[in-house]
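Take a look at the fold below.

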Amino acid sequence: MTASHDDRLILAMDAAGATCSVALGVTYGANRPWDLLMLAARKVDLRHGHAAILVPMVDEVIRAAGRTLTAVDAIAVGIGPGGFTGLRIALATARGFGLALDKPVIGITNFQAAAANLNAAERAAHAGDILVFIDSRREEPYVAHLAADLSLRAVPRFMSLAEIGGLVDLAQPAIVTGDGLALWPSDWPGTTRATPSSADAEAVLRLAADPAQRFAHKAVPLYLREPDVSLPKAV
């Protein structure tokens with residue numbers, strides 16, 4: 001690959017789900033600005049302990065790519081929804097790097113990142129709308145209704161199975177996916193294909209590399225519900 005003035009080095013991270021992941025890539029080509037070369041990536045299964053592992057993973061990925069942190073042009077981060085602790089750690093880390101380096105921080109929803117990780121042939125064979133279920137660690141998932149181009153058709157929200165059933169009847173999605181897929185009832189419409197896929201830093205990076213910034217959001221947490229916190233009783 002020949003470097004050009006249009007090259008952008010993007011560092012991506014995600015810790016909202018049941019993994020912790022980091023990726024580094026470069027966009028290139030004056031006439032093909034969304035061409036992306038993945039330089040290095042790492043992902044580990046992890047529900048707890050993100051604070052201890054995320055920054056060392058960033059260092060490891062940057063070293064593996066033969067680059068330096070100061071060379072990064074933008075930072076991308078999964079904004080959720082997902083686990084509160086991992087989500088906050090990733091956002092704080094991304095914003096800290098952005099502030100220190102004076103570089104933009106691009107937020108990418110984990111709904112769109114999960115859908116971006118669907119197999120391209122699968123998406124082509126089952127073209128149409130996509131429902132993404134994200135594990136809320138409750139009986140109901142977070143749900144987003146996406147168009148085939150991964151744009152959001154409606155504001156994502158925490159939904160009961162009855163509400164999801166109504167959405168399915170209305171939207172007739174071609175694919176349902178996400179890390180909350182276990183909640184998809186097997187007797188729901190057979191025209192909808194249930195396909196496992198979840199968000200990670202590589203998908204966050206690919207969406208953040210879009211030159212039109214169609215998937216970019218503010219780097220603030222997409223919680224969708226209040227955290228499970230018990231306040232102390234009054235005495």
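Predicted model: local features only at pLDDT ≥ 70, side-chain atom pairs only at ≥ 80, totals over all residues.

Residues are numbered from 1 along each chain as its sequence is written, and side-chain values use heavy atoms, without hydrogens or water.

The protein chain has six helices and 10 strands. Both are DSSP runs, numbered from the N terminus: helices are H or I, at least four residues, and strands are E, at least two. Of the 235 residues, 49% are buried. Buried means under 20% relative accessible area, exposed over 50%, and partly exposed in between (1.4 Å probe, protein chains only).

Now look at contacts, meaning heavy atoms within 4.5 Å. Take those between residues at least 6 apart in sequence: 65% join residues at least 24 apart.

How many salt bridges are there? The count comes to seven. Each needs a side-chain nitrogen of Lys or Arg within 4 Å of a carboxyl oxygen of Asp or Glu.

One of them pairs R42 with E60, the closest N and O atoms being 3.0 Å apart. R42 sits in strand β3 (residues 35-45) and E60 in helix α1 (residues 50-64), 18 residues apart. R42 is partly exposed at 30% relative accessibility, and E60 is partly exposed at 39%.

Another joins D129 and R153, with closest N and O atoms 2.8 Å apart. D129 lies in the loop between α4 (120-125) and β6 (130-134). R153 lies in the loop between β7 (142-146) and β8 (157-158), 24 residues apart from D129. D129 is buried, at 15% relative accessible area.
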